[in-house]
Amino acid sequence: MTDREGARWVRGRTALAAFVVVTALAAGGVWVGQTSEPASAVDAAPKTSAVQEVKDDGEPSDGLPGVRDCGRGKPQIKPHVITLTCDDAEMVATAIKWKLYGPREALGHGVVQVEKSDSGVGAEAGFPATFRLLDPKRVGGAVAFTGLEVTYEGSTPLGDTTEMYTLA
């Protein structure tokens, strides 16, 4: 081997080693980024497709308005799940625990689950949030909350810290 061939061999080996190190660091960064969810509630909350059948805590009671999911069915008192985007069910409020549930408003907290969409908005993730039900009205013979205010506790799926939804 001449000195020139030896130098090429060393340069090629150095380039290969650098490539391996950069690839390993990049793969490690992706792995760490996927495993470090800031909200522990995300793992505990059910995914949107899994919660479609488990929606309510009970039947409406005297004096308390319920929630009609996507404007259908009987209003349910203290629902654990509320569909936010009824057209595609890609955003669903889940694991809701109610701190206050009264005749004029209800306050609770949970997680907004977002499924991946064709448009690229969201990426099957959960976002901790507080929920405020408001504007009770008589709908279809029963009293139901007609508004929902969602306030995110950190990062948000659409960039807004507070979103309003119509429930009737």
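How many aromatic pairs does the count come to? The structure is a predicted model, in which local features need pLDDT of at least 70 and side-chain atom pairs count only at pLDDT 80 or more, whereas totals for chains, interfaces and linings use all residues. Residues are numbered from 1 along each chain as its sequence is written, and side-chain values use heavy atoms, with hydrogens and water left out.

A pair of aromatic rings is described by the distance of the centres and the angle of the planes. Rings of Phe, Tyr and Trp (its six-membered ring) pair if their centres lie within 6.5 Å; planes under 30 degrees apart count as stacked, over 60 as edge-to-face and the rest as tilted. By this rule there are three aromatic pairs. One of them joins tryptophan 98 and tyrosine 101, edge-to-face, with 5.6 Å from centre to centre and 80° between the planes. Tryptophan 98 is buried at 16% relative accessibility, and tyrosine 101 is buried at 10%; buried means under 20% relative accessible area, exposed over 50% and partly exposed in between (1.4 Å probe, protein chains only). The rings of phenylalanine 127 and tyrosine 152 have centres 6.5 Å apart and planes at 85°, so this pair is also edge-to-face. Phenylalanine 127 belongs to strand S4 (residues 125-139) and tyrosine 152 to strand S5 (residues 142-152), so the pair ties together parts that are 25 residues apart in sequence. Helices (H or I, at least four residues) and strands (E, at least two) are DSSP runs, numbered from the N terminus. Phenylalanine 127 is buried with a relative accessible area of 11%, and tyrosine 152 is buried with 6%. One aromatic cluster is formed by Trp98, Tyr101 and Phe145.

A nonpolar core is a set of buried Ala, Val, Leu, Ile, Met, Phe, Trp, Tyr and Cys residues joined through side-chain atoms within 4.5 Å. The largest nonpolar core has 23 residues, of which Ile82, Val112, Phe131, Leu133, Leu148 and Val150 touch the most other members. Two or more residues of this core come from each of strand S2 (91-101), strand S3 (106-114), S4 and S5. Beyond its neighbours within four places in sequence, leucine 133 is in contact (heavy atoms within 4.5 Å) with residues including Val67, Ile82, Trp98, Tyr101 and Phe145.

Two strands pair if DSSP finds at least two bridges between them. S1 and S2 run antiparallel and are joined by two bridges; threonine 83 has valine 92 in S2 as its bridge partner. S2 and S3 pair in the antiparallel sense over eight bridges, and lysine 97 stands opposite histidine 109 in S3. These two strands, S2 and S3, form a hairpin with four residues between them.

The whole structure contains one disulfide, defined as a pair of cysteine sulfur atoms within 2.5 Å. The sulfur atoms of cysteine 70 and cysteine 86 lie 2.1 Å apart in this disulfide. The torsion about their S-S bond is about -95°, so the disulfide is left-handed. Cysteine 70 lies in the loop between helix H3 (48-51) and strand S1 (82-83), and cysteine 86 in the loop between S1 and S2, so the pair ties together parts that are 16 residues apart in sequence. Cysteine 70 is buried at 19% relative accessibility, whereas cysteine 86 is partly exposed, with a relative accessible area of 38%.
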